[in-house]
Amino acid sequence: MSSQGSHDGASTEKHLATHDIAPAHDTIVPKGHGETAANPGAQEKEVRNAALFAAIKESNIHPWSKESIHLYFAIFVAFCCACANGYDGSLMTGIIAMDKFQAMFHTGDTGPKVSVIFSLYTVGAMVGAPFAAILSDRYGRKKGMFCGGIVIIIGAVIVATSSKLAQFVVGRFILGLGIAIMTVAAPAYSIEIAPPHWRGRCTGFYNCGWFGGSIPAACVTYGCYFIKSDWSWRIPLILQAFTCLIVMTSVFFLPESPRFLFANNREAEAIAFLVKYHGNGDPNSKLVLLETEEMRDGIKTDGVDKVWWDYRPLFMTHNGRWRMAQVLMISIFGQFSGNGLGYFNTVIFKNIGVTSTSKQLAYNILNSVISAIGALTAVSMTDRMPRRKVLIIGTFMCAVALATNSGLSATLDKQTQRGTQINLDQGMNDKDAADNAYLHVDGNYAKGALAAYFLFNVIFSFTYTPLQGVIPTEALETTIRGKGLALSGFIVNAMGFINQFAGPIALNNIGYKYIFVFVGWDLVEAVAWYFFGVESQGRTLEQLEWVYDQPNPVKASLKVEKVVVQADGHVSEAVVA
């Protein structure tokens, strides 16, 4: 993120002197000095991109046309890829708590064996990330999603038929490989096919597929808990393949990404896509003309996506380093803000006094549902909310919620220890004394700690769940998007590995005190978003190239343009000084 970039100092100064704001497109909206603001009913409005704002105002994409419904279906297929990932996130939490699973594998609910089961999944995803980029860049986003589905089904068969821990762990590794392939191709696909003003909702909805998988997984494991055989844990594992079958059968009916088509010398097909899905069939639509012009100028047909090993543009230029800074922050912060504790919800519930396995599983479902509500609420507003401001405030509020949970848990822990001692003094053995310590605990503290933990999950889901899909895909331009998302996947899973391997051990050794780590770290994250977060809302993917080329992309991203909007809604001019 140094000041040295792909342009020399002289050319950069000249660029800034002539373009204090992002270049407008005269063919989309004429420039003026605000004369038309005097017209009856006209008003000036501040926007981030005058050309895009004008094109969107006049695009009028019919939301329930056959083409739009087909586009929704394409986004749903990408959503199913995220469902496959989310299903696993909630699945193992419930399965670890099952008596029949414990009778077969003797893992316990915390400790090294549990760490290996959880973490080998993320190791597989880390190993699979580079191959995922190759598949997505070379063969297209659709084929990437299809291949990921095949690998996941193979992994699901292996784990569901396991009778030895070694086989189960190998299956978990293969599942991770498949997830890596799917979750590189799917977000790239969803953001590349969406109209600019639907981009946040489409990609945010994709990432909410986590809940589309985690909630059914929590429900399935809760229902199967009452089966008195090994099918209680085998059935949920088999069902992990369900969304993959949907993806694999559906991709044949989907259009390919127009940006992938442009990058591979298939311009006519790309423009046909834009006319059909973004222009209501009108090749002269301002939105189609704007997108075509920007893709033609901004997407290289001989870019680094053609060289599988070349990741240098992500690190060797000023532009690339700032783009990767956004990817790094959302990838690390999105996994290490306290949300990784969700893998061990049953243990956390136990620590705050919920000891019944059925109650722990039921609370796990409730936690997923209210978190999903928070995420979907954010999705509905993603195209209107400034990304940077949401991340700064939301991350700070996450720290507050976790601090509240930790403080109440500390009091609860003291009461539990005192209750255990009272029971010992009354002649109980160690196990019975610990199991009945809750009789001497003030239930209000337990309820408060539980409420604070649920509140944290709602805030986190509102803040991060949609933007975990949006931020990295917006930050990366087309020819580096596959590689950048692969690196993001590697980082996400590296953080997941730390969460999943260290989490059980830390919870076993220091209990609720582990949460204090995330309180301090979330405050650091909020500061990082303030100083380094680049605002991408309200701009086209190609216009962000201008933002990242500036010496200070954060400052450049906050610049606005003025337009004049007439009483009938059309934009008459972009106001220049």
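Reply: Let's start with a term: a residue is buried under 20% relative accessible area, exposed over 50%, and partly exposed in between, using a 1.4 Å probe and protein chains only. Those areas come from the Shrake-Rupley method with a 1.4 Å probe, and for residues only the protein chains shown count as cover.

A bit of background on what you're looking at. This is a predicted model, where local features need pLDDT of at least 70 and side-chain atom pairs count only at pLDDT 80 or more, while totals for chains, interfaces and linings use all residues. Residues are numbered from 1 along each chain as its sequence is written, and side-chain values use heavy atoms, leaving out hydrogens and water.

Now the rings. A pair of aromatic rings is described by the distance of the centres and the angle of the planes. Rings of Phe, Tyr and Trp (its six-membered ring) pair if their centres lie within 6.5 Å; planes under 30 degrees apart are stacked, over 60 edge-to-face, and the rest tilted. Searching the whole structure turns up 21 aromatic pairs. Take Trp64 and Tyr72: their ring centres are 5.7 Å apart with planes at 75°, so this pair is edge-to-face. Tyr72 is partly exposed, because its relative accessibility is 31%.

Then there's Phe101 with Phe105. Here the centres are 4.8 Å apart and the planes sit at 45°, so the pair is tilted. Both of these Phe residues are buried. They lie 4 residues apart in helix H4 (residues 99-105), so about one helical turn separates them. Helices (H or I, at least four residues) and strands (E, at least two) are DSSP runs, numbered from the N terminus. Phe101 and Phe105 also belong to one aromatic cluster with Phe168 and Trp233.

One more ring deserves a glance: Tyr530. The charged end of Arg388 sits over the ring of Tyr530, 5.2 Å from its centre.

Of its 577 residues, 57% count as buried. The protein exposes about 23000 Å², with carbon and sulfur atoms supplying 63% of that.

Conventions
A charge sits over a ring if NZ of Lys or CZ of Arg is within 6 Å of the ring centre and within 35 degrees of the ring normal.
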